Amino acid sequence: MERLIIVSNRLPVKIKFENDDIKVIPSEGGLATGIKSVYKNYDGKWIGWAGIDPETLSKKDKNKINDYLAEERCKPVYLSNEDIDNYYYGFSNRTIWPLFHYFNQYTHYNETYWESYKYVNNLFAEEVIKELQPGDKVWIQDYHLLLLPNLIKQARPDVDVGFFLHIPFPSYELFRVLPWREEILRGMLGADLLGFHDYDYERHYLSCVRRLLGYDTLFNEIHLENRIAITDAFPMGIDYDKFHNMAVESRQKSVKDKSSIRQEIEKNYLLTPDLKLILSIDRLDYSKGIAHRLYAFERFLENYPDYREKVSLLMLAVPSRINVEQYQIMKSEVDELVGRINGKYSSINWTPIWYFYRSLPFHELIELYNSCDIGLITPVRDGMNLVAKEYVAARSDGSGVLILSEMAGAAKELSESILINPNNMNEIASAIEHALNMPREEQQERNKFMQERIKRYDIKKWASDFMKGMANVKSLQEKYLGKKLTNHDRNTIYNKYLNADKRILFLDYDGTLVNYERKPQHAKPDNDLYSLLDKLSQQEGNEIVIISSRDKDIFERWFGHTQYNLIAEHGMWIKENGNDWAKLEEDDVNTEWKKFIKPAIQFYVDRTPGSFLEEKTFSMAWHYRKTDPDLGQQRAIDLKEELASQSANLGLEIVEGNKVIEIKNSDINKGKAANHKIKKGNYDFVMAIGDDWTDEDLFGELGQDAITMKVGLKNTRARYSLESFQEVRNLLKELIATYENKYDTVNH
Ligand code: GDG
């Protein structure tokens, strides 16, 4: 059976010490339910922090805990108090959490936190790596472990890694302020599949990867040096049946079996029979907009005075991260606000806000969901917000109105709720009034749609969809990797090379022989390259042709002093064996079109900082490698369209290269130029290596007998693919060495 390793900050269990005994109680949480549902297809293990300080445990207790956890298929990572302070309360909850929720002003940039975060991610990696067996899958959860995917991938490239982020991923403008932004992005990129709740978070992540790391993306594919990673949106669901069925049950017995909260309310407050209840439940967290909600309720009481004494807000805030000062400040703020509003509006018969700062057992939560007329959920930013889904699921008779912030990921799926902007107090106040007056049939109609949707895409479906996503990535990767050169292929090529008398090697330049990244200085030939090409061209029977869309003058400067064959400008110019440059095409190639097209390209240069126009004798190119990647991409699409419409019937061709759009006469291309060479010789070894679209003509023209290779993981006509320009150089060096070895053997 396949194995699945889940990794999260906390294990889905609680460890309790009772009467000198230790108990391990499995969690009822949504994530645990989802994961358990996919476990039936896998042998699995869950690795995470056990929530316990190892210093307080005797060796015997520790062993006992490990054994109990093993029974639950869990393996603990032990973290010291200092780790928890710096990694958990520090980097996770004082840096990542606020920044990713757009609370830049609360974000701490602290080296000690960062060092601890790296250290703990490494600790997790060690534990995971110890567990791994060939063919395992690993699924990592959330923002505490952003570096873990890459730590695992580096150690075990054979293992499939998935990652799911439960909180938002912020926009580039915000993310880029993080001093460790590249490390974080690369850490996450170790995953083969990266899941987010929402397409917007996915889009932000892709944009950061493009802008900060310079990787190309094609829809949701990220093209890394040696692998494809995929991003996708998986909106997390809840265990619908559990919430709904329990609510149905609870309604049947609620009259006799009241929850502690209800008993407390009835004991302490006067309750009028027709009092309407608004429910709010969250962890006490600044992202949840709890103060906003209180101000909005106050505004409601102000704007609609007739509802005083007829409506109360029941607010449950679950204590959370109390070690972080921002949470303490917020608690005082909420306490004061509740006191002030109650002080202002309370009467003998009525308390506007009932506020409880604690967590409740599950059945009480259900009772509250089921019995309160309105669910009011107003986060200022929330990855998903499961409480909103739970409120709808637990409406056993389909009545009830959900008022939900647009800023919660859940808003996309719960569009039949009343959606509000949490910063707009008047809008929330009128939404409450609207909800109080909504006819029961309309409530049921709206909830019916939402319940159906939440039931269909529940937590089990979420987990199984993610696992399907992992399988799909694998087959996509295999498709790309299918062309990777194997050792067997290499040997075949070396043998063919050795046994041939007349060889020709067509080598594209940028991205094939040199790195074609953002820095232009990398494009110049270096000494290693000259020496490699010299050796290659000096081996008996060899002709090498550097074939490029580059301007001939640049090639003259770089290679004019050598004996290599050069083909420039897509095949317009040729220089053979150190002779002068000659035109490959007829003299009368028409270039009249250039004067019409140039202003159009110039217009794009002016509007796209970082881009430039390169004018060659027979073509014009718009380069956008150094522009903002998203802007460059967008402008490239627009320019292509514009050039296509302007150049219709002119016999021109628009070619999309690596961050360049080029327009040229359609009868000039690398394939035709190569053919010109091939015709002249009787070659028994033909090889062509290239990295972009313009090389596809070359591969097509040379046909099946030639050894064609594409650099990078892209769709291609070539027979093989190589990872990088470095791998090209290594392969050429191997060819030289194989030949030299044979030559030596023959002579000694
Ligand atoms: C993060 C993201 C994303 C709450 N009070 C009690 C209680 N709860 C349970 C709820 C719900 C869960 O806690 C809270 O989940 P949320 O999704 O609302 O919020 P976060 O804790 O911030 O979760 C969030 C989520 O991860 C999943 O990806 O949706 O955006 O911030 O399930 O029922 N449970 C019990 N007693 C309580 O008093 N038993």
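Predicted model: local features only at pLDDT ≥ 70, side-chain atom pairs only at ≥ 80, totals over all residues.
Numbering starts from 1 along each chain as its sequence is written, and side-chain values use heavy atoms, with hydrogens and water left out.

The protein has 25 helices and 29 strands, both read as DSSP runs numbered from the N terminus (helices are H or I with at least four residues, strands are E with at least two). Of the 748 residues, 57% are buried; here buried stands for under 20% relative accessible area, exposed for over 50%, and partly exposed for what lies in between, using a 1.4 Å probe and protein chains only. The domain assignment, with bounds from an automatic or database source, gives domain 1 (4-233), domain 2 (240-456), domain 3 (487-585 + 668-747) and domain 4 (594-665). The centres of domain 2 and domain 4, taken over C-alpha atoms, sit 56 Å apart.

Now for the ligand. Its shell holds 21 residues, and His166, Leu360, Asp382, Leu386 and Glu390 come nearest; to be near, a residue needs a heavy atom within 4 Å of the molecule. Domain 1 (4-233) and domain 2 (240-456) both supply shell residues, so the ligand lies between them. By type, the shell splits into twelve nonpolar, five polar and four charged residues. In this scheme Ala, Val, Leu, Ile, Met, Phe, Trp, Tyr, Cys and Pro are nonpolar, Asp, Glu, Lys and Arg are charged, and the others, Gly among them, are polar.

A polar side-chain atom of Lys288 is 2.9 Å from a ligand oxygen atom. On the backbone side, a polar atom of Leu360 lies 2.6 Å from a ligand nitrogen atom, and a polar atom of Met384 lies 2.8 Å from a ligand oxygen atom. Taken alone, the ligand exposes 730 Å², and the protein buries 79% of that, with areas from the Shrake-Rupley method and a 1.4 Å probe. Strand 12 (276-283), strand 13 (311-318), helix 13 (362-371) and helix 14 (386-393) are the elements that give two or more residues to the shell.

Glu416 is in the loop between strand 16 (401-405) and strand 17 (418-420) and counts as buried at 18% relative accessibility. The side chains of Glu416 and Arg453 are joined by a polar contact of 2.8 Å; such a contact is a pair of N or O atoms within 3.5 Å, where within protein one must be able to donate a hydrogen and the other to accept it, and residues adjacent in sequence count only if both atoms are side-chain atoms.

Arg186 belongs to helix 7 (residues 181-188) and is partly exposed at 36%. Its C-alpha atom is 7.6 Å from that of Leu147, 39 residues apart along the chain. Lys64, in helix 2 (residues 59-71), is also partly exposed, with a relative accessible area of 28%. Lys64 and Lys23 are 41 residues apart in sequence and 9.6 Å apart C-alpha to C-alpha.
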